[in-house]
Amino acid sequence: QVRLQQWGAGLLKPSETLSLTCAVYGGSLSGYYWNWIRQTPGKGLEWIGEINDGGSTSYNPSLRSRVTISLDTSKNQISLKLTSVTAADTALYYCARPWRSGAARSLSYWGQGTLVTVSS
Amino acid sequence: AIQMTQSPSSLSASVGDRVTITCRASQGIRNDLGWYQQKPGKPPKLLIYAASSLQSGVPSRFSGSGSGTDFTLTISSLQPEDFATYYCLQDYSSPRTFGQGTKVEIK
């Protein structure tokens, strides 16, 4: 059974870089689009971006200048970096994978979520 | 970006009720839409993909319909475990966008 386990620093100061990792167990990175999503009480669910197994990325324009999603195939991990964070980036961050490989996009596998708080 | 307008934002219903939630896209998205259920402290769970296909393991009381701009999630007979928040997510184009959510509460 596929399992996504994520981790990263939970408390950041303004202007620091958010860095999260999502490890994939029980499955391969190959053939899928790997997504990052965040959730706040105020803005709800927000798609951050995705990367495919070839390393091609697509980002939300609202975050594009600050976000990088990358793969480490040797470790079966996906990473998210968000630079110059502010309080507005305080959120619960999820990694997620579609229900099947190829063109499918609906997300059936999710990490447990990582709460990131930005505060001075 | 495509805007997804979900309604209602909340509803109160009783066990056994039929519940309908709608999402309207600001432009046509074919059938590239999924429905998700989220309970407190948990990530969203995929219920429906491609607007009307039931994800494996999801009870058949959940169904989805629609294409183009108007989509519906129906719970045919609400069960106690269905009290949760529901979201739609369009998969048609980047950036992908969620509806604002519908909280289904006990009446």
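A reminder to myself: I am reading a predicted model. The sulfur atoms of Cys23(B) and Cys88(B) lie 1.8 Å apart. I then checked where the two cysteines sit: Cys23(B) is in strand S3 (residues 19-25) of chain B and Cys88(B) in strand S9 (residues 85-90) of chain B. The pair links distant parts of the chain, 65 residues apart.

Buried or exposed, I asked of Cys23(B)? Cys23(B) counts as buried because its relative accessibility is 1%, the cut-off for buried being under 20%. Cys88(B), at 0%, counts as buried too.

Next I turned to chain A, where Cys22(A) and Cys95(A) form a disulfide with sulfur atoms 2.1 Å apart. Its S-S torsion is about 70°, so I noted this disulfide as right-handed. Cys22(A) belongs to strand S3 (residues 18-25) of chain A and Cys95(A) to strand S9 (residues 91-98) of chain A, so the bond ties together parts that are 73 residues apart in sequence. I found Cys22(A) buried at 0% relative accessibility, and Cys95(A) buried at 2%. Over all chains, the count comes to two disulfides.

**Where the chains meet**

I moved on to the contact between the chains: 19 residues of chain A touch 17 residues of chain B. About 1,500 Å² is buried between chain A and chain B, and carbon and sulfur atoms give 61% of that area. Which three residues supply more than any other three of the area that chain A buries against chain B? I noted Leu45(A), Trp47(A) and Ser106(A), with 36%.

For charges, I counted one salt bridge between chain A and chain B. Glu50(A) forms it with Arg96(B), and the closest N and O atoms are 3.8 Å apart.

Last, I listed the elements that give two or more residues to the side of chain A that touches chain B: strands S4 (33-40), S5 (44-52), S6 (57-59) and S10 (107-110) of chain A. S5(A) gives the largest share, four residues. By type, I divided the residues on this side of chain A into nine nonpolar, seven polar and three charged.

Note on methods. Residues are numbered from 1 along each chain as its sequence is written. Chains are lettered from A and ligands numbered from 1 in the order in which they are written. This is a predicted model: local features need pLDDT of at least 70, side-chain atom pairs count only at pLDDT 80 or more; totals for chains, interfaces and linings use all residues. Side-chain values use heavy atoms; hydrogens and water are left out. Contact means heavy atoms within 4.5 Å. Buried area is the accessible area (1.4 Å probe) that two parts lose on being put together, summed over both. A salt bridge is a side-chain nitrogen of Lys or Arg within 4 Å of a carboxyl oxygen of Asp or Glu. Ala, Val, Leu, Ile, Met, Phe, Trp, Tyr, Cys and Pro count as nonpolar, Asp, Glu, Lys and Arg as charged, and the others, Gly among them, as polar. A disulfide is a pair of cysteine sulfur atoms within 2.5 Å. Buried means under 20% relative accessible area, exposed over 50%, partly exposed in between (1.4 Å probe, protein chains only).
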